[in-house]
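Dear colleague,

Here is the structure I said I would pass on. My notes on what turned up in it follow below.

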Amino acid sequence: MMNDVQLAESFVKDFQRIKTAVAERIVGQDEIIDLLLISLFCEGHCLLVGVPGLAKTRLVHTVAALTDLEFRRIQFTPDLMPSDIIGAEVMDAQRNFVFNRGPIFSNIVLADEINRTPPKTQSALLEAMQEETVSVAGESYPLPKPFFVLATQNPIEQEGTYPLPEAQLDRFLFMLVLDYPSFEEEVAVVRMSEKSNAETLPASILNAHTLLEYQQLVKRVPVPDHVVETAVKWVHQTRPNSALATEVTNSYISWGAGPRASQNLILAAKCRALLQGRFSPNVEDVRAVAVPVLQHRIILNYKAESQGLNAAEVVRRIVRSY
């Protein structure tokens with residue numbers, strides 16, 4: 001039985017082993033990979049936003065293989081129904097109703113192009129993401145542990161899409177925006193694809209039991225009062241016309257982040273601190289995760305849009321003031 005110090009050392013080693021293995025199949029995107037793995041160890045869901053061809057699905061599939069978790073992919077389409085995700089009651093040979101479990105009963109669920117399905121079907125994920133249970137015909141069914149929803153979204157196609165409601169966006173620990181690769185990285189991608197068209201998935205490095213242990217370790221990390229207060233202050237500063245609202249806030253934000261943002265800032269900062277070899281987070285850890293935690297939780301006004309500002313830049317201006 002390892003103590004917390006030994007467990008933390010093992011955690012850092014396993015994290016680096018997983019990251020190295022991911023890098024063998026994914027070129028570049030170092031920060032995105034770090035944050036995606038942090039979300040897993042924080043028991044948080046993640047929304048990946050990027051144009052087609054940036055290896056979003058490949059990244060999720062690789063992480064699932066390396067962590068030895070059951071993986072299911074759901075391709076969201078306009079005709080997808082809630083029962084296609086969570087399952088439904090069917091009649092068996094003895095004319096009894098039994099629950100036929102849907103693909104959401106997996107450790108890692110890839111919700112591909114989640115904004116292509118109507119809100120009714122999108123909402124099927126809400127209870128699962130928050131409570132880790134599914135309710136059908138008055139019965140509640142627990143989901144396997146660990147459980148993660150990793151969703152992808154194409155930001156350039158608007159026709160035939162349904163924006164995610166704020167309540168669902170708030171359930172995602174991070175929103176990660178993937179950018180185009182550099183020239184050198186794209187050359188490496190092409191060279192990699194020349195080698196083989198039939199790649200095998202990598203061998204697992206981590207099992208579900210160890211992953212759950214690391215999640216509990218992250219939760220046990222102590223946090224100084226001033227770090228908690230800074231995180232809460234920054235969240236309050238995203239709320240226009242509040243006592244802590246800044247000029248940036250009142251100028252560019254219509255609606256700010258809720259209390260779940262403060263909780264997620266601290267949770268992600270704890271994990272980052274462990275990966276940096278520290279047993280307690282500081283303000284810089286909170287600042288490092290502020291954009292992915294907050295950018296999908298604020299709504300910008302017309303002034304920000306007219307000046308070409310996005311949510312990430314507004315968040316950077318708020319946390320830069322500390």
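Strand β2 pairs with β5 (residues 108-112) in the parallel sense, over 5 bridges. Within β5, leucine 110 is the residue that stands opposite arginine 73. Please keep in mind that this is a predicted model.

The two strands belong to an open sheet of 5 strands, in the order β2-β5-β8-β1-β9, and the pairing is parallel. At the edges stand β2 (71-75) and β9 (172-177); each has a single partner strand, so one side of each lacks a neighbour in the sheet. On average, neighbouring strands are turned by 15 degrees against each other, direction ignored.

Helix α3 (residues 56-66) packs on this sheet. The helix touches β1 (45-49), β2, β5 and β8 (148-153), and its direction makes about 175 degrees with that of β5.

Last, the annotation. An unreviewed UniProt entry assigns residues 249-318 to "domain: ChlI/MoxR AAA lid". In the model that span is 66% helix and 7% strand. The C-alpha atoms at the ends of the span lie 8 Å apart.

Regards

Note on methods
Residues are numbered from 1 along each chain as its sequence is written. This is a predicted model: local features need pLDDT of at least 70, side-chain atom pairs count only at pLDDT 80 or more; totals for chains, interfaces and linings use all residues. Side-chain values use heavy atoms; hydrogens and water are left out. UniProt positions are given in the numbering used here, feature names are shortened, and annotations may be inferred rather than shown by experiment. Helices (H or I, at least four residues) and strands (E, at least two) are DSSP runs, numbered from the N terminus. Two strands pair if DSSP finds at least two bridges between them. Axes are lines fitted to C-alpha atoms, for helices over the stretch in contact, and angles run from 0 to 180 degrees between N-to-C directions. Contact means heavy atoms within 4.5 Å.
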